[in-house]
Amino acid sequence: MRNESKVVAITGASSGIGEETARRLAGDGHRLLLGARRTDRLDALTREINEAAGTAAFQRLDVTDAADVRAFVAAARERYGRVDVMVNNAGVMPLSPLDALKVDEWDRTIDVNVRGVLHGIAAALPVMRAQGGGHFVNVASVGAYEVSPTAAVYCATKFAVRAISEGLRQESDGSVRVTLVSPGVTESELAEGISDPAAREAMKAYRAVALPASAIAGAIAYAVAQPAGVDVNEIVVRPAASAQ
């Protein structure tokens, strides 16, 4: 049996967790708007979902641009009439030791991982308030709970996503639900953005045991499927064979 159909907007939907979340939620009967910068991948994923009797559309999205995120949420509302769930998934992970002084990468990480989530909240929260309810699913990391060498800035951004999510939950009257999903090591393209040679090599060992992205999609689907009076606040998902 399919769940009640909801309108779901997903950022960072062109690969990894976002892509698998789109497949899972479409399979559960939800109507999707997918956003990312790589529109060729979004187009292929959207066609795949629609050919499998799902409902999806896509729009190019840069989460670091507040106006772009507003337009993305407005497009979901225009197409489907409402926005029930905003999945703030887009993220980057260019790890390096602080003394490498990769300031441009620090700035990019903050822009995508923190400002991107804030832009998603700023765009979708007024819509959810106006329609009487909604649900934010913010994708963080186990890095929201611990810090490791080369990951100080990345972990700081994920600590921030955790804090923002908890603040939003506390400010809600219950009509807007907030879920923080924190994956452990998961198969994705995030490590491909590591330019520091030592950090890139260390990440190969760190990622030796990894979850499939579909496992995180399942956690997101679980939270989305709960009835209106149930707010799943935090889900941490790690590989069973790893402490990370």
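Predicted model: local features only at pLDDT ≥ 70, side-chain atom pairs only at ≥ 80, totals over all residues.
Residues are numbered from 1 along each chain as its sequence is written. Local features need pLDDT of at least 70, side-chain atom pairs count only at pLDDT 80 or more, and totals for chains, interfaces and linings use all residues, while side-chain values use heavy atoms, without hydrogens and water.

**Exercise 1.** Find out whether Asn88 counts as buried or exposed.

*Solution.* Start with its place: Asn88 belongs to strand S4, residues 85–88 (strands are DSSP runs of E, at least two residues; helices are runs of H or I, at least four; both are numbered from the N terminus). Next, take its relative accessibility, which is 3%. Buried means under 20% relative accessible area, exposed over 50%, partly exposed in between (1.4 Å probe, protein chains only). Asn88 therefore counts as buried.

**Exercise 2.** Describe the two faces of strand S7.

*Solution.* Begin with the general idea: in a regular strand, side chains alternate between the two faces of the sheet. Now look at S7, residues 234–237: Ile235 and Val237 form the covered face, Glu234 and Val236 the uncovered one.

**Exercise 3.** Work out how S6 and S7 are joined.

*Solution.* First, recall the rule: two strands pair if DSSP finds at least two bridges between them. Then count: S6 and S7 run parallel and are joined by 4 bridges. Finally, pick out one partner: Leu180 is bridged to Glu234 in S7.
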